[in-house]
Structure formats: C-alpha cells, structure tokens
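Hi everyone, thanks for coming. I'd like to walk you through one structure today, so please have a look at it while I talk.

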2 protein chains.
Amino acid sequence: MTTIKDIAKKANVSTGTVDRVIHNRPGVSEKTKIHVQKIIEEHNFQINTIASTLALNKSYKIGVLIPEARVENEFWSEPKKGIEKAAEEIKNFRISTSFFTFDQFDSKSYVTAFKDLIAGDFDAVLMAPVFHKETSQLITHLDKENTPYVFINIDLQGFNTLSFIGQDSFKSGHLAAKLMSVMLADSSEIIIPVFRLNKGNYSHINDRITGFKSFFKEKKSSIKIKDIAIPNFKDLKVISSILDDHMKGRTIDGIFVPSSRSFLIAEYLETAQLENIRLIGYDTNEKNIQFLKNDTIDFLICQNPYQQGFNGIKLLSDYLVMNKAPNPNYHSPMTIVTKENVDAF
Amino acid sequence: MTTIKDIAKKANVSTGTVDRVIHNRPGVSEKTKIHVQKIIEEHNFQINTIASTLALNKSYKIGVLIPEARVENEFWSEPKKGIEKAAEEIKNFRISTSFFTFDQFDSKSYVTAFKDLIAGDFDAVLMAPVFHKETSQLITHLDKENTPYVFINIDLQGFNTLSFIGQDSFKSGHLAAKLMSVMLADSSEIIIPVFRLNKGNYSHINDRITGFKSFFKEKKSSIKIKDIAIPNFKDLKVISSILDDHMKGRTIDGIFVPSSRSFLIAEYLETAQLENIRLIGYDTNEKNIQFLKNDTIDFLICQNPYQQGFNGIKLLSDYLVMNKAPNPNYHSPMTIVTKENVDAF
DNA sequence: TAATTTTACGTGCACGTACACAAAACTAAA
DNA sequence: TTTAGTTTTGTGTACGTGCACGTAAAATTA
C-alpha cells in the first residue's frame with residue numbers, strides 16, 4: 001500500500017506538503033504541486049480512509065425524519081431497521097443518527113417533528129417528505145444552513161435534494177399491470193380501490209395508478225378499469241358496503257390496490273367469499289404476507305424499504321466521511337413477491 | 001465515545017491491561033480481569049475497528065475461484081463485478097483479492113485453477129464449486145490449513161463451508177412454476193429443455209426442475225410436463241430439429257428453461273414463428289434481456305449474481321477483520337424480472 | 001542594505017488500538 | 001533477608017493521516 005510517506009519520499013518533500021497537495025490547501029508552489037501530483041498519479045495513491053477518519057476525529061450527526069411505525073402501518077419499521085443497521089456499521093466513523101418520527105396522516109405532527117430536527121442542527125438529513133406544502137416551507141431552514149438532505153421513498157420534485165432513494169412509482173404501476181394482464185383474459189374488468197386518506201399526500205399512489213392504467217391503454221385496451229374511492233380504512237363495514245355496491249351485477253376479475261393496504265381488500269374478498277379474483281398489492285407487511293400465503297393475494301410489489309433506509313444512511317455517510325457525491329437517484333428494485341419467494345425477503 | 005484509555009482510567013490500570021482483558025490474552029490476574037470486564041460492560045465499550053485495523057497493520061489475502069466470464073456465458077461477469085466492487089470498498093482494511101478462473105465446462109481447468117489457488121496460500125477463499133468430485137479432493141488442502149472458504153452460487157453439501165451464498169434452487173423452480181401456472185390454462189402442456197452439458201455438474205439445474213414439477217404435481221396436476229434433452233448449445237440446427245420434433249402435432253403452451261440459456265429457445269421460437277408460447281428462464285444476461293424486452297421471454301428469475309459476489313467478499317472481510325461469524329446460509333432473493341422492471345436491476 | 005512581510009516547506013503531535021519491551025510486584029528457595 | 005524466578009502491570013512506539021505550529025527562504029518595503 002502506498003502511503004503519504006512513500007509519496008513524500010519519492011517527491012523529496014515532507015508529508016505535510018503532500019497533505020497540502022492532496023487537500024488542495026494553500027502554501028505550495030505551483031512547481032512542487034505539479035510534481036507531487038504527478039507522483040501521486042503515478043503510484044495511483046489514494047487516501048487511507050481508515051487513518052483519515054481516525055486523524056480527523058470529527059463526528060457527524062444525521063437526523064432522520066420518517067413516519068412512526070404504527071400498528072396500522074408497519075411499513076416504516078423496515079426503513080428504521082435498515083437505518084439502525086447502517087448506523088451500527090458506521091458508528092466507528094463517529095456518525096450518530098437521531099430519529100424524529102411523526103404520524104403520517106397528521107401534517108401537524110410532521111411539522112413538529114421537522115422543527116425539532118431543524119433545531120437539532122444536524123450535519124445531514126434523511127427524510128420522507130410525506131407532506132408537500134409543509135416540506136416546502138420548512139426545508140428552507142436546511143437550505144439556508146447548507147445541510148444536505150436525502151429524500152427517501154417519496155420523490156418530491158423541485159428541491160435541492162442530494163439524492164432520492166425509492167421506487168419509480170409509475171413503473172411499478174406498469175409492472176403491476178403486466179402481472180395482472182398475464183393472469184386475466186382479454187375481456188376482464190379490474191377495479192382500483194383508493195383510500196381517500198392516501199390521495200392527498202402521497203403522490204406516488206397516483207403515479208402507480210397512472211402507470212397501471214397506461215399499460216392497459218397501450219397493450220390491452222379491451223380490459224375495463226375502474227377507480228373506487230374509499231373514505232377511510234378504519235371501518236371495515238364501510239369498505240365492504242362500497243365494494244359490495246361495485247361488485248353487484250358485475251364480474252370483477254382483478255383488483256389492483258396501489259397502496260400497502262391490500263390486506264383490507266383481501267379480508268373483504270374472504271368474508272364475501274368471492275373467489276377467482278386476482279389481487280395485486282404493495283409491500284410485504286405481515287397481513288399482506290398472510291393473504292399472499294393463502295393465495296388470496298397473488299402478487300405484492302415490494303419496495304425493499306429496509307434497503308432504502310440502509311442505503312440512505314450509507315449514502316450520507318459516504319458523503320460526509322469520504323466526500324463522495326451520490327447519484328441524484330437510486331431507484332430501488334421493484335421486487336415481485338409471491339407465496340413462493342416471500343421467505344427470501 | 002468510550003476508548004480503551006477511558007476504561008483504563010476508570011479501572012485504575014494501564015491501557016495494556018485493558019487490551020489484554022479485551023483480547024483474552026494471558027498475563028492478567030483473575031481479580032483485575034473481572035474488575036476490568038465489569039467496567040467494560042458498564043460503559044458498554046466496543047473496540048474501535050478503525051483504530052484497530054490501523055494498529056494491527058495486518059494484511060489479508062482472499063482467493064476467488066470462479067468460472068471465467070466467457071462470451072457464451074456472461075453470467076459470471078456479474079459476481080466478478082460484485083467482488084471487485086467489494087474489494088474496492090475494503091481495500092483500506094488491507095484486504096487483497098486474487099482471481100483464479102476456469103472454464104466451467106472443463107473440469108481439468110478447474111483443477112488447475114484450484115491448485116494455483118491452493119499454492120497461493122490465502123487467508124480465505126470464495127469459490128464456486130462447479131465440479132463435485134474435484135472439489136472433494138482438493139478442498140482437503142484448505143481444510144488442512146484451516147483456511148475458511150465460502151461457496152457461492154452452487155450449494156454443495158458435506159463440506160466445512162463457512163457459509164453458502166446463493167439461491168435455493170428448488171424454491172426457485174417452484175416460483176417459476178407459479179408464474180407459469182398463472183399464465184396457462186388448466187389443460188396446457190409444458191416442456192423443459194435441458195442442455196446435456198449442464199446436467200452433470202450443476203446439480204442446481206436438477207433442483208430447479210424438481211421444484212418446478214413439484215409445484216404442478218401439488219397444484220395443477222392436469223398440466224403435462226415433459227423434459228427434452230438437448231446435447232449441446234453450440235449448434236442451433238440441432239436445437240431446432242430436436243424442438244421441431246417435439247412441437248410437431250402437439251400444442252406446447254409453455255417452456256421452462258432451467259438455465260441461463262433461455263435465449264436459445266427464444267431464438268428458436270422466433271425463427272420458427274411460434275407465438276403464444278409462454279417462456280420462463282433464468283438470469284439477466286444480455287440476450288435474455290433482449291428477448292424479455294420484445295416479449296418472447298415472459299419472465300426471468302434472477303439470482304442477483306452481482307450481490308452474491310459482493311456479499312461473499314463482505315462476509316469474508318467481516319470474518320477476517322472483525323472476526324464476525326457468518327450465517328451458514330445466505331439465500332439470495334429470487335427476483336422476478338419482467339420487461340417492466342428489468343431496468344432497475 | 002536592513003527590516004519586514006509573505007511564501008513555502010518541515011516537524012511533531014493527536015486520533016484509538018496492538019504489541020513488544022521494561023518495570024514492578026509477588027513467590028519461593030537459600 | 002537476600003536472591004532468583006515468575007507473574008502481573010505499565011510504557012512507548014507504530015499504524016497513516018490531518019493539522020497546528022515553527023522556521024527557513026524568498027519577496028517586498030523602507
């Protein structure tokens with residue numbers, strides 16, 4: 001391994017000069033600078049990150065702003081786990097992470113948590129920008145301090161994000177449509193239940209639906225698709241009655257649930273004893289997996305939320321410690337999960 | 001952060017003693033040992049890996065034994081890339097990797113490469129045990145030297161492997177069958193072309209077939225499945241004539257190719273102008289992707305070979321540097337790849 | 001030409017750990 | 001009590017890098 005010392009010896013200068021050249025610090029004549037740079041290149045020397053972090057003895061604080069993992073929505077416990085795992089791996093680099101969580105259906109709690117985070121004066125931020133308007137307002141504080149931030153899971157546009165980590169929602173809808181199409185005859189009918197609570201904030205729900213529909217428009221326009229608005233997902237009776245209305249007199253062949261709540265629809269299908277309806281949903285939460293395993297749900301599209309969290313922290317750590325500029329986008333794979341491969345995830 | 005110094009101060013001993021306690025080295029009285037251990041626990045002190053590696057100044061050599069990435073089989077270029085990426089990430093830990101490649105259809109070249117590797121006196125080995133008998137014979141040399149080795153991609157049983165990284169082949173066959181079954185009517189007929197060259201060495205090909213058949217036996221026994229032996233995959237004419245024979249007079253609805261050579265079958269289907277035949281294969285090589293994109297291949301099951309290579313090296317590095325014992329198995333996810341999500345991989 | 005400022009470079013310590021070596025504290029025999 | 005041997009403990013240096021500090025040499029000014 002080539003070290004700074006080696007370079008210094010070859011270049012007939014001291015390690016201090018080499019250090020100055022490497023970090024582009026002032027106090028080196030143009031002549032020696034070029035000379036040292038040449039030798040660095042020749043030996044394709046690279047800084048030893050290990051020694052560097054040790055010497056720097058700097059510590060970094062990463063703030064994490066994500067929804068709390070509630071019973072009704074365990075989705076966010078996955079990124080949390082991924083973040084914790086990554087934090088564990090890099091803690092020797094003196095990077096600490098602090099969580100700020102909020103109720104993903106309550107914009108006020110989002111604002112509170114966000115403000116707490118801003119007050120914490122972090123070196124970098126990993127966040128799920130669930131609420132658009134509130135994000136626009138508060139993120140100016142981060143911009144002002146030049147605090148780098150990465151969006152996770154939700155790809156809001158028009159911000160100075162360092163990077164986005166998550167799925168391309170339109171494409172994932174497209175994929176769901178493909179899966180649905182191989183399962184259905186050409187003259188089938190599909191419904192898309194949309195829970196109203198999701199509609200407002202989560203633009204990716206809409207993107208998924210658009211992607212889904214665009215597939216059939218292009219490839220199999222003979223298939224009818226209908227949206228069904230459902231006011232909330234707390235009251236099973238309401239869900240049932242709305243769906244009952246729509247099922248009556250019609251034969252529905254497929255249901256596409258553009259959110260992680262496909263289990264609610266599965267529950268309905270089971271109690272209503274409706275069989276031979278193909279069901280595709282999102283995310284591998286416990287209930288979804290249960291219905292996947294008993295064949296009520298055919299496919300789940302998984303966002304790999306664990307990986308999203310893990311990669312988010314890793315990205316920021318690389319950025320902070322090694323000054324490594326990330327890509328603007330890291331699209332997580334759209335993993336298709338079935339009864340048969342669910343255990344490997 | 002708590003350091004060895006801090007512990008030493010609290011325990012009223014020197015850092016040397018703390019070091020001896022941490023590494024369980026001799027030369028510490030039972031009394032002080034317990035005392036120091038208690039303080040270590042109280043402060044839940046953990047060694048700083050960064051400083052540790054720097055101080056140890058030890059270097060490790062990992063030998064990698066995998067098939068060469070040939071034009072006819074680009075599969076193995078993926079693990080190679082993964083390995084190189086991981087090697088890059090950990091090179092500051094003074095870990096070097098050396099490749100020993102062989103022709104995956106020539107056991108002699110395997111033996112030669114393996115012997116070269118053994119002569120290289122490596123600290124750990126990552127290998128694809130393509131040939132069973134030869135592996136049994138040569139691996140004793142590694143066992144004798146207590147050199148840890150990890151199997152990648154091929155899960156040979158009965159060896160002292162530190163870990164296996166790869167897919168559960170039976171399950172992946174099962175998964176392929178599920179995908180096939182959603183696409184086919186109940187009275188369909190499926191063929192499984194098996195290239196003879198694969199048969200002998202690669203036990204996972206057989207496992208995939210077994211998994212595939214077991215699904216239909218359980219779930220849809222009305223569907224007929226037939227194996228078709230194909231002597232090699234060099235001569236397209238031979239392949240065509242054999243398939244022609246089998247297609248004649250019959251309606252084949254689905255083809256399951258249990259290897260990465262589904263593109264050969266796709267090529268046949270296109271030239272023979274056979275449409276409406278569902279085709280499922282393995283691995284995202286360039287040609288397969290091409291046929292996936294033009295809808296000749298419906299699904300590919302991906303082994304994430306890049307990840308396999310990457311994780312293999314990471315695992316060994318964790319084992320060597322941090323003495324972290326790995327799981328006996330890391331089953332890579334069975335990723336379903338379609339035209340719609342292929343770009344994300 | 002001397003005094004002063006600026007530039008260019010070298011030196012030494014710190015980061016946290018590992019380990020060789022030195023020193024001290026015991027133990028047992030003379 | 002002395003002495004040698006053994007066990008236990010302390011000290012110093014190295015790993016590779018970053019940075020504060022010091023100091024010649026060169027450039028500028030008076």
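Let me begin with a term: I call it a salt bridge when a side-chain nitrogen of Lys or Arg is within 4 Å of a carboxyl oxygen of Asp or Glu. One such pair is B:Asp318 with B:Lys324, where N and O are 3.3 Å apart. B:Lys324 counts as partly exposed because its relative accessibility is 41%; the scale calls a residue buried under 20% relative accessible area, exposed over 50% and partly exposed in between, with a 1.4 Å probe and protein chains only.

Some housekeeping before we go on. This is a predicted model, so local features need pLDDT of at least 70 and side-chain atom pairs count only at pLDDT 80 or more, while totals for chains, interfaces and linings use all residues. Residues are numbered from 1 along each chain as its sequence is written, chains are lettered from A and ligands numbered from 1 in the order in which they are written, and side-chain values use heavy atoms, with hydrogens and water left out.

Back to the salt bridges: over all chains the count is 27. One of them joins B:Glu340 and A:Lys178, at 3.4 Å from N to O. That pair crosses between chains, with B:Glu340 in the segment after β12 (335–337) of chain B and A:Lys178 in helix α8 (residues 169–183) of chain A. Helices here are DSSP runs of H or I with at least four residues, strands are runs of E with at least two, and both are numbered from the N terminus. Both B:Glu340 and A:Lys178 are buried.

Another salt bridge stays within chain B: B:Arg278 and B:Asp298, with the closest N and O atoms 3.0 Å apart. B:Arg278 sits in strand β9 (residues 278–282) and B:Asp298 in the loop between α13 (286–293) and β10 (299–302) of chain B, so the pair ties together parts that are 20 residues apart in sequence.

Now, how are the two protein copies related? Chain A superposes on chain B with a rotation of 180 degrees and 0.1 Å of shift along its axis, at an RMSD of 0.2 Å. That is the relation of a two-fold axis. The same surface serves both copies, as 97% of the contact residues of chain A recur in chain B, contact meaning heavy atoms within 4.5 Å.

On to the DNA. Which residues come nearest to DNA strand D? Of the 28 around it, they are A:Ile4, A:His23, A:Arg25, A:Ala55 and B:Ser14; a residue is near the strand if one of its heavy atoms lies within 4 Å of it.

Finally, phosphate oxygens of DNA strand D lie 2.6 Å from a side-chain N or O atom of A:Arg25, 3.0 Å from one of A:Asp19, and 3.0 Å from a polar side-chain atom of B:Thr32. Thanks, and I'm happy to take questions!

Key. Least-squares fit on C-alpha atoms with pLDDT ≥ 70 in both. Polar contact = N/O pair within 3.5 Å; in protein donor to acceptor, adjacent residues only side chain to side chain.
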